[in-house]
Amino acid sequence: MKRIIILFLIISIALLSGCWDMEEINNRSYVSVIGMDLNNKGDNGEKFKVTYSYPNINALGKNPSSEQNRFIETTSASTAYEATRKLSTSTDKPLFFKNLKTLVIGEELFKEKELVKEILDGLGREQRINRKINILLAEGKAEDILKITPEKETASAVGTYLSDILRNDKITGRFTARTLSQVLADTDISDAALVPKIKIEKKDLEISGGGIIKDYKLIGKIGEMENICIAMMNGDFNSDVIEATYNDTHISYAVTIFSSSKRVYVEGGKIIADIDLNIEGYLQQYKLDKELQAFDEKFLQGAEKSLEDRIKRETLNTIELLQKKYNADVIGIGEWISKFKPSLWKEIKDNYDEVFPNIEIRVNPTVEIRRTGLSR
Amino acid sequence: MEYNIPLKKTLKENSDELKKILNECDDIIFRELKVGSNKPVSMELIFVDGMIDRDDLSSFVLRPLLRISDDILSNGNKSIDSLIDMLSKENIQISDMKVIQNMEEVIKAVLSGETVLLIDGSEKAIDLSTRGWPSRSIGEPVSEETVRGPRDGMTETLKTNIALIRRRIRDTNLKVKMMQIGKRSKTDMAVMYMEDIVEPRLLNETYKRLNNLKVDEIIDSSMLESLIEDHCYSPFPQIENTERPDAVAASLYEGRVAIIVDNSPFALLVPATVGTLMQSTEDYYTRWSVASIVRIIRYFAAFLAVLAPSLYIAVTSYHPGLLPTRLAYYVAASRVNVPFPSVIEAFLMEITLELLREAGTRISGPIGTTIGIVGGLIIGQAAVDAGIVSPLMIIIVSVTTISSFAIPSYELATALRFFRFLFMIYAAVLGLYGVMLGIIVMITHMAKLDSFGIPFTSPYSGLGREKGDLRDTIIRVPFQNMKKRPRFTFPKNRTRLK
Amino acid sequence: MEKRVSNTQFKALIITGVVGVGVLSLPSSIARIANNDGWISIVMGGAISALLMYLMVSLAQMHPGKVVFEYARELLGNFGFYIFAVIYIIYFMMVLAVEVRVFAEVIKVFLLENTPIEVIIISMLVTSMWIGRYKIEVVARIALLMYTVLFIIIIFGVIAVFPQLDFTNIFPLFQTNLKTIIGGVRETFFSYLGIDFVLVSLAYLEEPKEAMHYSMRAILSVTILYVFAFVLTISTFGVSELKRQVWPTIALVREVDFPGFFLENIDGIIMAAWVLIIYGNIGPTAYNSTLVLSNIFKTKEHGLYVLPLVPIVYFISLFPQNLYEVYKNMLIPNILGFIITIIFPILLFILSKIKGRRTK
């Protein structure tokens, strides 16, 4: 009998002293977006200004109340992690990062190479933050981006609004969502990465274009059309609308199936990269006229050619920009060489910066109009 | 209390002795009669009023006895022994009788509902089988109803039950061995098996355990069950029980041994494994595709019944990161104003549900159903409205309860109930890791259980020998494909002759 | 029923005895040595294990019905046997300590951040080593169940991970020279330890003739699993990122993101299965160690040795100060494992052959 009592006591002690990790689900703050900015008034080592956005649980659920549906907290700190601890002096619920979806980095901050390196290292090491968080470049300050409550946001989308927009990269090529692991992988191989850009547009948030990151530093921004071209050359492109002019008429063409392939070879001492783009889609808009019909061989071929020309023109412009102005290989040429022509890569990888602008990149788009819709 | 003494010659001595032993037993009748008018022979009938079939006694025993003419009595019947011979073979019209000489046998016979005829001048008595007592008519077994399939269930009378099974197995290989267990209760029981299928070792083990029993009484087959089990301390049952004669017959065909106990409608089936406990007779009466899906659902239900509350506790208190984002927000929002941590919430609701269950079993009929509905609806709804528990908890708890009813074996469901609470404690201390530790403990426990030498976790744990058994456990293949008997009982004869 | 192990249980015992914490870090450690050609090292490691397995099965088949500790005593003499057994016991204790320590670190990182690591270790040790008390039949049943869990979770994992794979990351192939690749085999060695369990479990096998066939299948399964892990991780991360990971296999499943299909944070399921897999690894190893001890002290009961083993393993596992030291100290169990898996079987094999010839 005594043995049972002792055993019981031991077990109860073990149980009661436990529960080290217990924290009720409604007692946590689920940080959904983090914003990081450069702290201009940065003295005493506090280089960062970190903003956390987390939903107000009270306002969610079946009967959302009319309270504000999220809280924004900003603090200055020397690292992002210190910011968390600093905030614990003023928030009642511990911050929880497992459901973090997006990280917005301010423009100015992105220009500081060393700080960016610190951030990326911390994120890669972090066990609580997933590596599939999206990274966004903020035009301006990240804090401002987070403070906006877009009008279109519904109660159920609180916290996932930004990542939901980023999911749209399946239907448009104007921006390409990049996750942390993708950014890390990109910088590993070719020292350059592309990060989508977000800006405030008339009280709403808009993600378009991107920022070129070279050697962990923001060196330039690109617009939507350029992003489409880069996405095409990278193979990340899924679908979008491309417009061209044929015989003074405006054609609108929607891409449904897209694939691209690269081939790099050395010819006559020069490195040549051939990028083939295979584009299939359907015609969306032509012009309603008794004379004009889309079911016309001459028209179809001509339209395809116009589209190809347009794409070729745009991509060559983008390549020029990337090679000459930014010297950033975000289109994956270096990556391709490292994988499929390793001996060549061994030669050029150490001075790739000099080699890249001199690579002759040829783009061969092939456009097929598969369908013309319901009318001829 | 040994009465192993032979009967005396005179009726008076025997009768007095019996009356002394059976004094204060006013339900035992001593009926004296004198047969024959010339040289009347005194006889006495001893029986328990209420355990005999009165018609049998009056019409087929008393009447022929009292009508014996003197001629037959004296004619050629010089000795008492030949008188007994004549009576038993030519006169008394009872279907089953035997001659006994021992006091103990007399008492045993009388207390079993048979009538003993004592004859003056002889040390022999005649034991007449007149058993008949009011018993429940054969109806659908209450605990195991089916949509399709026979609806006769076993009753409390041993002979009826044996007959119900015998009807389904008209094979000479079906052996029925009667035994009596219990010093005071002297409960009759029958061990039934198919001689050319059953493994001899299993049978011998069963006999050994039954013969080694030294108990006073066996009130119900469940007592017998716990006395002959391998591991009576385990919450898991190692012997299956059923009220359905068709289930017993099917088990006998598979090489198992059935033990039927008098006064209990539940027959014991030996051995029992996880596979057999999760099977229901209805699986064999519905079409195979439906039965397979139902079986898979049943396993899923068992899984839910054990783990649902503990997973809820683990996820809400420890790991909200495991939920998809939307779900995490929703759960958090639904628990906003609940004052208790999820552990307390879960325990509260589970205990309330157990109370409801207990209350429901005691009250049957219309009141019982009302309590079930009232209890469930009102208490659950009221609790949510009062804000004491979150609606998700109610759903989890009701799903758990419903799932545990999906398990065919009631004992297995109760074992899982026990483990459910254990898991909840584990989850409360160490979250998901604790739940997994609990699962390890449960699996370790189950793996070490044997049922009469057969591993309890068959057929899932020893696939080499029992590969074919999977055809009839998680799913059920059509009968055409079940050409061989399952191996887990190591039957002698494996072909089913399809 | 006498102690009997079926063929499938035999295969499961080998697989669960081998697959442990090695699979977590193997892809990145081998990538650090052999880059994209790491899988070749893995396959070579598997081939060597298969050879060793062949040797061990032949050895065990020469002594039917006897566990290795029994006939080792005959072959090596008492003194030799004591050395043999002591090495074995130290090896088991170290392997158990490493396994449970790495396991606890993983749990601490992904599930229970604030719980002290001692609690995680002691709870896992007590629960898992408990089956060392039971007979081989029970251990075999549990191994089969855990093997089924492993199998299901692999299929589930591969399917869930598939969309994020970029197979071009496997290239460039065949860039590393052969010497480096062979050097990489040493790295994979720890992940293949555990095959020595054959020497124990074969004694109880139902049909010893089929042992070779099933044991080869087991080695093949393990090798395929490791190659899969390597291919999947390198396809997801690319070789440079892979080299930086501590536990790439887990990071792999954390990348899964399908909110539409509700597969958002599946690390919970994977973690749950992981606990069961490690349980399947620790259990048979614990059983083995009690067997050694019962043979040293010549007792019939082997169950009571679990109790003293638990605190010893617990203290050994807490010895390294951090994860880096854990991996650094793996040298000792590696060497011991080398002795046990390679030297001992060869020695015993030669001795058995000599003895066999002498008796003839």
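**View 1. The hairpin of strand 8 and strand 9 of chain A.** Two residues sit between the strands of this hairpin, and A:Lys202 takes a positive phi near 50 degrees there. This is a predicted model: local features need pLDDT of at least 70, side-chain atom pairs count only at pLDDT 80 or more, and totals for chains, interfaces and linings use all residues. Residues are numbered from 1 along each chain as its sequence is written, while chains are lettered from A and ligands numbered from 1 in the order in which they are written. Helices (H or I, at least four residues) and strands (E, at least two) are DSSP runs, numbered from the N terminus. Strand 8 and strand 9 of chain A pair in the antiparallel sense over nine bridges; to count as a pair, two strands need at least two bridges found by DSSP. Look for A:Pro196, whose bridge partner in strand 9 of chain A is A:Gly210.

**View 2. Strand 8 of chain A and its parallel partner.** On to strand 7 (residues 134-138) of chain A, which runs parallel to strand 8 of chain A and is joined to it by two bridges. A:Ala138 has A:Ile198 of strand 8 of chain A as its bridge partner. Strand 8 of chain A is mostly covered, with seven of its ten residues buried (buried means 20 or more other C-beta atoms within 10 Å of a residue's own, exposed 12 or fewer, partly exposed in between, with C-beta atoms placed from the backbone).

**View 3. The open sheet of chain A.** Eight strands line up in the order 4-3-2-6-7-8-9-10 in chain A, with mixed pairing. At the edges are strand 4 (70-77) and strand 10 (217-222) of chain A, each pairing on one side only. Neighbouring strands of this sheet are turned by 30 degrees against each other on average, direction ignored. Axes here are lines fitted to C-alpha atoms, for helices over the stretch in contact, and angles run from 0 to 180 degrees between N-to-C directions. Within the sheet, strand 2 (residues 33-38) and strand 6 (residues 102-106) of chain A pair in the parallel sense over four bridges, and A:Ile34 stands opposite A:Leu103 in strand 6 of chain A.

**View 4. A helix across the strands of chain A.** Helix 8 (residues 224-234) of chain A lies across strand 8 (192-201), strand 9 (204-214) and strand 10 of chain A, at about 60 degrees to strand 9 of chain A.

**View 5. Helix 11 and helix 16 of chain B.** The axes of helix 11 (residues 288-318) and helix 16 (residues 410-448) of chain B come within 8 Å and cross at roughly 30 degrees. Helix 11 and helix 16 of chain B are therefore roughly parallel to each other (angles under 35 degrees count as roughly parallel, over 145 as roughly antiparallel, 65 to 115 as roughly perpendicular and the rest as oblique).

**View 6. Where chain B touches chain A.** The contact takes 22 residues from chain B and 22 residues from chain A, residues being in contact if their C-beta atoms, placed from the backbone, lie within 7 Å. Helix 12 of chain B gives the most to the side of chain B that touches chain A, with nine residues.

**View 7. B:Met103 in chain B.** B:Met103 sits in helix 5 (residues 103-111) of chain B and is buried, with 20 other C-beta atoms within 10 Å. Its C-alpha atom and that of B:Ile5, 98 residues apart along the chain, are separated by 5.6 Å.

Technical notes: Two residues are in contact if their C-beta atoms, placed from the backbone, lie within 7 Å.
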